[in-house]
Amino acid sequence: MSACILRVFLQRAAVMRKAAQQTFSQTRMFPQCVTEINTHSRGINTFTSSLRAEEKVAIHFLNRDGKRISVKASIGDSLLDVVVNHDLDIDGFGACEGTLACSTCHLIFEEAVYKKLGPVSDEEMDMLDLAYGLTDTSRLGCQVCLRKELDGMILRVPDVISDARVDSEKESSTAPPKV
Amino acid sequence: MALQSSILHLARKNLLQESCKQFLLQAHGLHKSTASGSLEIAAHSQADLKEENLVSPAVEGLKETTVKTLQEMPGPSTFSNLVEFFYRDGFSRIHEIQTEHSQKYGKIFKSRFGPQLVVSIADRDLVAHVLRSEGATPQRGNMESWKEYRDMRGRSTGLISAEGDEWLKMRSVLRQLIMRPKDVSAFSPDVNDVVVDLVKRVKTLRSQQDDGQTVLNINDLFFNYAMEGVATILYETRLGCLENEIPKMSQEYIAALHLMFSSFKTTMYAGAIPKWLRPMIPKPWEEFCSSWDGLFKFSQIHVDKKLSDIKKKMNKGEEVKGGLLTHMLVTREMNLEEIYANMTEMLLAGVDTTSFTLSWSTYLLARHPTIQQEIFEEVDRVLGGRAPTGEDVAYLPLIRGLVKETLRLFPVLPGNGRVTQDDLIVGGYFIPKGTQLALCHYSTSMDEENFLRPGEFRPDRWIRKDASDRVDNFGSIPFGYGIRSCIGRRIAELEMHLALTQLLQKFHIEVSSQTTDVHAKTHGLLCPGAPINLRFVDRK
Ligand code: HEM
Ligand code: FES
């Protein structure tokens with residue numbers, strides 16, 4: 001009897017984990033917003049399989065090149081989930097997979113929308129301070145979760161720094177001979 | 001102003017926007033330093049330096065060859081560097097030398113350590129620039145000696161020593177477990193148990209002194225606290241480091257850790273001494289290996305014990321529940337050797353760093369009674385006598401400010417390294433792929449362009465008026481920034497926030513008459529140059 005329970009548990013853990021891992025390989029991260037439910041279980045999210053609601057909202061990204069990308073995304077997802085799940089072409093976005101170590105998921109909102117996004121944690125503010133091109137209505141995409149009220153919002157992807165990396169084109173015209 | 005706009009104009013035309021932006025920023029700095037009028041000599045030499053920079057692009061910017069080569073980069077000669085480091089024991093003053101050199105040679109300069117060329121960057125914006133341009137798998141420095149030991153013993157690399165895809169694979173697993181503030185905050189009950197023992201230990205130790213209030217060499221105590229704290233989270237086990245009698249196994253580990261630390265210099269040479277010389281100078285390499293043996297052995301014992309516990313439970317048909325290690329052992333996203341290696345390296349990285357910071361924090365509190373009182377009042381207002389949880393920390397901005405300000409004044413890693421993964425242009429210099437960079441965090445955090453009156457201890461400089469108030473910047477990034485930044489950051493913060501809060505609730509912290517000014521010295525890490533002795537007086 002007890003052996004049974006054990007097997008069930010482990011199997012479940014394995015299965016759940018597998019589900020999570022699939023999410024992981026698909027999305028490169030666990031859904032940030034869903035994990036909150038589990039924060040008191042000693043910090044480990046073994047049960048991160050999808051609890052996503054079916055409901056969707058429309059979001060419009062203004063990308064760096066000025067192009068507009070519109071998607072329908074699930075309520076409960078973070079904006080990082082959205083970028084990853086829809087495979088949006090935003091270079092370098094979400095490098096730390098939503099773990100608040102990078103600020104590459106920086107997004108800029110309209111003032112009215114910004115106010116609806118909810119409180120900002122200290123850790124997010126600290127990382128935001130290190131974001132390039134910071135504005136008063138900036139947030140980190142991995143910390144913003146979709147809600148119904150946000151339907152139709154427009155958000156802007158800020159410019160990246162003019163990259164320090166020397167690309168081949170520039171190299172030919174500007175780089176001195178190698179030292 | 002005219003100068004600025006002409007530069008701006010140039011910048012548009014110029015392909016090298018970033019280097020020009022840099023000049024702009026420096027021009028900005030120039031205004032500040034002349035306006036402040038303080039420290040005439042320093043301001044003067046800085047101004048000289050900037051003028052030079054300002055002029056050159058204006059003249060040369062028209063041609064398209066403003067990028068300078070490494071050869072043109074200023075820096076101390078190889079010989080003077082040798083004297084500085086080996087003869088005048090510069091290793092223990094690396095943090096000061098950073099600042100001296102950046103004042104003398106500018107905020108980007110090169111030095112040679114034997115065959116190794118190092119480009120030092122002591123400017124906030126240039127540091128930001130380098131870290132923001134990082135690719136998928138940044139590299140900190142040459143880890144050959146670490147790798148060699150691991151190959152020799154058939155061990156895996158851990159996060160610190162691994163590179164490339166191997167590193168990324170492990171990092172992706174671990175960051176999902178110990179980097180999200182919310183996840184880590186769930187460990188606060190476990191950490192609070194350790195804090196209870198810390199407080200008890202303070203009482204025991206002070207009772208052993210004549211005045212009944214002094215704890216000698218506070219870092220020993222915080223070392224044991226940090227070790228106990230990180231082990232609680234990583235190994236889900238208590239080591240007994242805060243007991244009167246420390247268990248033998250933990251003692252052995254501490255000895256290995258001390259050996260690793262005390263032989264830091266020798267181990268640094270262990271990597272630098274060419275292999276063929278080892279038979280003649282065997283000691284550094286031998287010590288290096290034997291301390292690693294000790295460290296690996298310890299984590300292996302703990303990991304194996306947990307594994308056998310899990311197996312036992314499974315055989316008995318019990319539910320397997322647990323924390324970090326259990327999770328890793330059950331899910332096996334990393335293999336067993338990788339788990340050993342990461343547990344070893346995380347424990348190594350997590351003890352001295354946290355304990356030095358706690359030592360400095362309490363020292364600074366003791367030296368600044370008014371500030372201590374302000375922070376105490378905040379804690380008292382928010383918590384009363386109740387023990388804090390991870391969530392409470394959000395309402396204790398001064399406790400957070402205290403830790404940030406301590407790490408600004410005493411960044412445990414006074415400098416960090418990066419090996420460039422692409423050709424870069426930084427500060428107007430072309431830096432080829434594969435160059436070792438030194439990011440001078442100590443200099444930038446003591447730079448008055450970044451922090452007003454940088455020498456002053458002011459935790460409140462980190463307080464925000466509201467969510468849109470920006471106070472932080474790249475001048476002080478004690479845990480690094482980006483995908484290769486400190487993976488233990490949130491764990492360390494939790495340990496420090498909870499310990500400092502409770503210590504303040506229980507004690508009034510004072511400097512012992514046996515302790516005068518304590519200066520920092522570099523020993524791999526920035527550590528107290530003399531024992532810090534503090535008095536812990538009960539609060540009524
Ligand atoms: C006050 C405490 C601490 C400070 C100031 C600190 C600082 C740092 C810094 C500056 C780095 C280099 C980051 C970079 O290269 O960008 C680092 C790396 C690292 N730290 Fe910490 N650390 C602290 C505590 C801890 C703790 C408690 C742990 C263990 C849980 C830890 C584990 C590590 C590891 C494993 C790395 C290497 C990460 C990688 O290469 O992916 N640190 N730390
Ligand atoms: S993805 Fe790194 S902070 Fe959001």
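A pocket, on a 1 Å grid over the protein atoms alone, is an open set of points with protein on both sides within 12 Å along at least five of seven lines, and a lining residue has an atom within 4 Å of a point. Grid points are joined across faces, edges and corners, and a volume is the space filled by probe spheres set on the points.

**Ground rules.** I am working on a predicted model, where local features need pLDDT of at least 70, side-chain atom pairs count only at pLDDT 80 or more, and totals for chains, interfaces and linings use all residues. Residues are numbered from 1 along each chain as its sequence is written, chains are lettered from A and ligands numbered from 1 in the order in which they are written, and side-chain values use heavy atoms, with hydrogens and water left out.

**Second largest pocket.** I found a volume of about 1,200 Å³ for the second largest pocket. It has 46 lining residues, and those closest to its centre are Val120(A), Ser121(A), Asp122(A), Glu123(A) and Ala394(B). I then looked up which helices (DSSP runs of H or I, at least four residues, numbered from the N terminus) take part. At least two lining residues each come from α5 (122–128) of chain A and from α9 (181–185), α18 (397–409) and α20 of chain B. The most come from α5(A), with 5 residues.

**Iron of ligand 1.** I counted as donors N, O and S atoms within 2.8 Å of the metal (3.2 Å for Na, K and Ca); water is not among the atoms, so the site may look incomplete. The only protein donor of the iron atom is Cys486(B), through SG at 2.3 Å. Cys486(B) sits in the loop between α19 (441–445) and α20 (489–506) of chain B. The unreviewed UniProt entry lists Cys486(B) under "binding site"; such annotations may be inferred rather than shown by experiment.

I also checked its surroundings. Cys486(B) counts as partly exposed because its relative accessibility is 30%, and that class lies between buried (under 20%) and exposed (over 50%), with a 1.4 Å probe and protein chains only. Beyond its neighbours within four places in sequence, Cys486(B) is in contact (heavy atoms within 4.5 Å) with Met179(B) and Phe479(B).

**Chain B overall.** I noted 20 helices and 11 strands (E runs of at least two residues) in chain B. Of its 540 residues, 58% are buried. Among chain B contacts with a separation of 6 or more, 72% join residues 24 or more positions apart.

Conventions. On a 1 Å grid over the protein atoms alone, a cavity is a set of points where a 1.4 Å probe fits but cannot get out, and a pocket is an open set with protein on both sides within 12 Å along at least five of seven lines; lining residues have an atom within 4 Å of a point.
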